[in-house]
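I set down here, entry by entry, what I looked up in the structure. The entries follow the order in which I consulted it.

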Amino acid sequence: MTVDIAKPGFSTAIEALRLRTWRLGPGQPAMVIDQFTDDDFKLVVDDRADVHINSRDGRFYLGWFPTGRPGTDGEGWVLAVTGTATVPGYRISFDVETPAQVVAVAVAEVIAASAPVRSP
C-alpha cells in the first residue's frame, strides 16, 4: 500500500467551494418580541431599556439586553425555562451580535413545544 503525502488536506477547485454570504449582525429584535401575546406573557422594559418577558406562570423567561447583560461578556439574549421537581430546566444565551432571526427560531420552537396545563 502506498500513501500519497504530496497532497495533504482536501483537493478541490475554487469553483466547488460554493462561497456563501452569512447572516451577521443583531438584526431586528421585533422578530423575537412580536411572537409573544399579552394573554400568555408579561413584558417589562427596565430603566436600562432591557426587555424582560415572562410567561404568566413564571416558568419561561426571555431577556434582551441590547448593550449586553450586566456582569457578562456580551450576553445579549437569555432564554430560560424553569424545570419541575422531576425534570431540570434549561438556559440558553446568545451574544449581542447573534442575528435576531436565529433567536426568533429558537424562541418559536420553545413556544411551540409548550402547552397549557389543563385543570382536572
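Entry 1, cover of H2. I looked up what covers the buried residues of H2 and found that the cover includes helix H1 (30-33), strand S3 (60-64), strand S4 (75-81) and strand S5 (90-95). Contact here means heavy atoms within 4.5 Å. Helices (H or I, at least four residues) and strands (E, at least two) are DSSP runs, numbered from the N terminus.

Basis. I note that this is a predicted model, in which local features need pLDDT of at least 70 and side-chain atom pairs count only at pLDDT 80 or more, while totals for chains, interfaces and linings use all residues. Residues are numbered from 1 along each chain as its sequence is written, and side-chain values use heavy atoms, with hydrogens and water left out.

I recorded Ala100, Val103, Ala104, Val107 and Val110 as the buried residues of H2. They lie on the same side of H2, because they cover an arc of only 130 degrees around the axis; the arc is that of the directions from the helix axis to the C-beta atoms. An α-helix has 3.6 residues a turn, so residues three or four places apart point the same way. On the other side of H2, I found Val105, Glu109, Ala112 and Ala113 exposed. Buried means under 20% relative accessible area, exposed over 50%, and partly exposed in between (1.4 Å probe, protein chains only).

I found seven of the seven residues of S4 buried, so S4 is largely enclosed by the rest of the structure. S3 and S4 run antiparallel and are joined by five bridges; Phe60 has Val81 in S4 as its bridge partner. S4 also pairs with S5, in the antiparallel sense, over six bridges, and Leu79 stands opposite Ile92 in S5. Two strands pair if DSSP finds at least two bridges between them.

I located Thr84 in the loop between S4 and S5. Thr84 and Arg59 are 25 residues apart in sequence, and their C-alpha atoms are 9.3 Å apart in space.

I checked helix H2 (residues 100-113): its 14 residues should span 20 Å at 1.5 Å a residue, and its end C-alpha atoms are 20 Å apart, which agrees. The expected span is 1.5 Å times one less than the number of residues in the helix.
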